[in-house]
Amino acid sequence: MKRRTVLRVLSVAAGGALVPLAQPAAASARKRRPKAAGLTAYWDFTEGTGAATREQVTQSTNPINYVFNDAVYKPDSDPLWTAKQRADGVLSGALLFDGYSTWIARGAAETTLPTDGLTVEAWVAPRAFEWGDDGKPSVIINQQDKGARRGFCLGVGRHGVWQFAIGTSDAWHEVTVPKSAALAAGEWAHIAAVFSPANGALRLYLNGEPVTQTAIPTTARLSKADVPLLVGRHNQPAIINGTFAVNMFNGLIDELKLHGGALTDAEVAANHQADLKTFDGGTIPKAAAALTMNRSRYDGDRYRPAFHFTAPNHWMNEPHAPIQVDGQYHLFYQHNSHGPYWHNICWGHAVSKDLVHWRDLPVALAPTADSVAPDGVWSGASALDANGVPALLFTAGNDSQRPNQAVGLARPADPSDPDFAQWTMHPTLVISQKEDLDVGAGRKVRFGDFRDPFVWKEGDTWFQLVGSGVQTSSGTDIGGTALLYTSTNLTDWTYRGPLMVGDVAAHPKTGQVWELPTFLPIGKDAQGRERRALLVNPAFPAGPGEYSSKYVFYWVGTWDAGSRTWNPDTTDPQLLDYGDHFTGPSGTIDDKGRSLVFTIAQDRRSEQGHYDSGWAHNAGLPIVLSQRADGELAFQPVTEVAGLHDGAPLVSIDSPTSLSDANTALAPVKGDLLHIKLTLEAGSAATLGLDVLRSPGDEERTRLFYDTSAKEFGVDRTRSGNVSSAVPDLGVQKGQLTLVDGTLTLDVFVDRSIIEAYANTHRSITTRAYPSRTDSLGLRLFGEGSTVASLTVWKMGSMAV
């Protein structure tokens with residue numbers, strides 16, 4: 001599977017993505033190289049390609065660490081470089097640090113550092129800012145052992161506040177810029193840090209101007225740390241999930257210099273002015289386009305889905321806050337732009353005209369200093385305000401408060417922009433959880449769990465559900481809840497009580513807390529009353545963790561907005577999907593009147609699997625909720641999935657056919673991007689169904705089956721393959737399904753590692769498979785005694801616009 005690709009240069013395309021160039025830019029476009037006099041180290045990053053960079057003072061080559069230098073699940077590819085543009089002057093070509101796997105290493109003794117003065121200078125364009133684990137910055141360059149008070153470090157802290165530190169063996173001296181001099185995500189900045197014991201100061205400069213300093217003893221001398229010099233990575237990083245080193249830089253670095261002495265104010269200003277003169281018009285180049293995440297980075301990944309929505313890079317969990325405005329669907333999602341792990345959560349954003357082809361937009365909301373959400377922007381919802389302009393209701397994370405979860409509001413910065421690419425947070429919270437909320441006699445709200453608003457409007461009233469839990473007054477968990485609020489303006493909300501409370505003792509899998517409550521209409525009953533479905537994602541803050549991120553439960557019943565009354569048909573929860581990978585519901589109603597639901601399909605890979613692949617999780621296909629004749633919930637993928645069909649059907653059977661003849665027709669079909677529509681008459685078969693991702697000798701396969709005697713629909717993954725899976729035994733998952741007239745109808749989607757199967761529009765299985773064999777690409781029907789009533793197979797295309 002692996003091969004070494006030819007060296008590539010990445011250029012900025014019209015849409016802002018980094019794309020391969022045929023060959024490096026001409027020598028005439030190369031950056032100027034100032035004389036190395038006075039420098040102890042200088043990286044100008046003129047290479048534009050490859051997995052190494054040359055340090056100009058010693059002319060030594062330093063390796064660039066990057067996850068895909070020696071890729072595990074795709075062909076090898078180079079670190080990410082920007083294109084060379086003459087107009088960008090000294091910033092023509094730069095190295096992009098991906099936030100988790102890119103750094104430069106240089107041996108401990110390779111750099112000579114003076115003890116009585118040092119200046120560190122660089123151009124940086126951060127893509128995003130880390131949380132600042134262990135109080136440590138995201139390193140631009142360091143050679144430090146803080147515990148021993150040795151070395152130096154230049155890095156970026158939370159919200160772009162950057163700092164410089166020097167160790168003198170007897171002390172550790174730090175200086176940090178004020179908030180007014182914080183770096184801005186997506187913008188180039190020239191920074192300089194000066195260690196000047198002769199002047200008794202550590203000084204910091206932004207774009208040639210001094211911004212702060214701190215006093216140090218005039219006797220202070222740099223004590224070098226006997227550790228490698230690293231660019232982009234902390235010498236002593238915090239570790240997440242036992243795998244991911246954080247405190248790493250995410251963004252572009254160029255013109256990185258270590259001066260063998262303390263530069264003066266005038267010298268720093270002169271260096272900045274010299275750089276400005278190399279730019280077209282003397283204007284600092286734009287960096288945003290070069291920082292855009294490029295999906296082609298994962299080309300050739302055998303497990304990354306192609307037609308299910310994925311984040312362009314790194315981590316995503318639940319998609320949420322879907323809304324349709326002027327014919328365009330907007331989808332937001334929980335995202336970490338630093339790497340494929342949960343942390344630093346912001347709102348990713350994408351748009352679509354048809355629900356299946358998606359175009360990436362900039363991050364919509366990110367943790368911001370002095371906002372209602374300095375520590376995280378977690379899941380939420382969207383609604384149209386009184387003027388028809390969308391508003392976002394989000395879970396605002398603020399670790400300085402308890403609970404650290406509340407509801408914030410954001411509006412488009414430019415309501416005339418059809419993409420609503422930029423958003424502005426309302427300056428105050430719109431709802432905060434109160435400890436004394438009335439949730440019934442002898443009960444109390446689970447204070448501290450308050451998240452994931454869902455919003456809709458009826459008449460002149462907006463309704464909002466917020467996920468939480470209910471306990472006895474003594475603290476025993478009763479079950480999850482969806483707390484109901486109303487408003488007439490989206491900013492002032494009145495608490496109305498729990499819409500419904502679960503019973504975790506009777507139904508342990510429904511959790512102590514409900515997350516992502518989603519409440520959508522599915523039709524009317526015989527008396528004309530509105531029928532709705534309430535979907536919830538169970539959470540288990542008190543354990544056991546074995547049930548986490550596996551299930552979506554639902555109830556159907558009648559809803560009266562006037563009296564704010566919800567009457568479920570039964571208090572017994574129903575499981576929507578039997579596959580253990582379908583979670584995180586969110587929903588909206590579109591201009592066709594359809595109740596649409598979006599979900600996250602957990603990939604359940606190991607942390608090392610996430611690291612090696614560079615991405616985590618993907619969305620399920622959007623589904624439509626409706627009502628069956630018996631009043632129960634029906635659901636199926638949106639009809640727009642047909643727009644993903646790549647050409648004519650590979651197989652088409654539309655009349656009763658024997659199993660053997662149907663398998664003969666299927667034999668030539670090989671693929672892991674498929675849509676299969678199948679109707680089987682059970683006949684006398686004890687079990688029947690379809691094998692996908694099947695190897696020629698049946699060594700590997702994922703089996704979708706129906707057991708006629710047990711009346712169960714399930715998936716058998718005991719031969720699926722578990723490469724990079726977090727658990728070795730993928731097992732069998734199944735649940736109840738009653739056939740109508742002995743007929744099983746399956747709508748199956750195979751998208752590399754994800755398999756979605758919808759049975760009789762009433763139950764589904766979302767599951768994963770990670771085959772070890774590259775020939776596990778076949779299809780085969782089974783079920784002696786059954787008959788194929790119809791069968792159609794299509795090849796599927798990509799979700800990319």
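Before looking at any strand partners, I noted that two strands pair if DSSP finds at least two bridges between them. Helices (H or I, at least four residues) and strands (E, at least two) are DSSP runs, numbered from the N terminus.

I am working with a predicted model, where local features need pLDDT of at least 70, side-chain atom pairs count only at pLDDT 80 or more, and totals for chains, interfaces and linings use all residues. Residues are numbered from 1 along each chain as its sequence is written, and side-chain values use heavy atoms, with hydrogens and water left out.

**Entry 1: around β44**

I looked up Leu596 and found Val624 of β44 standing opposite. Strand β41 (residues 595-601) and strand β44 (residues 623-627) run antiparallel, joined by three bridges. I then followed β44 to strand β45 (residues 633-637), and this antiparallel pair has five bridges. Here Leu625 has Phe635 in β45 as its bridge partner. β44 and β45 make a hairpin with five residues between them, and Gly631 in the turn has a positive phi of about 85°.

**Entry 2**

Next I traced six strands that form an open sheet, in the order β46-β56-β47-β52-β53-β54, with antiparallel pairing. Why is one side of β46 and of β54 left without a neighbour in the sheet? β46 (651-653) and β54 (763-768) stand at the edges, and each has a single partner strand, so one side of each has no neighbour there. On average, neighbouring strands of this sheet are turned by 15° against each other, direction ignored. (Axes are lines fitted to C-alpha atoms, for helices over the stretch in contact, and angles run from 0 to 180 degrees between N-to-C directions.)

I also checked strand β53 (residues 754-759), which pairs with β54 in the antiparallel sense over six bridges. Ile755 has Thr767 in β54 as its bridge partner. Helix α4 (residues 659-666) lies across β46, β47 (673-681) and β56 (787-795), and runs at about 10° to β56. Contact means heavy atoms within 4.5 Å.

**Entry 3: an annotated stretch**

The UniProt record, an unreviewed entry, carries the annotation "domain: LamG-like jellyroll fold" for residues 116-266. UniProt positions are given in the numbering used here, feature names are shortened, and annotations may be inferred rather than shown by experiment. I looked at residues 116-266 in the model: the chain there is 1% helix and 49% strand, and the end C-alpha atoms are 19 Å apart.
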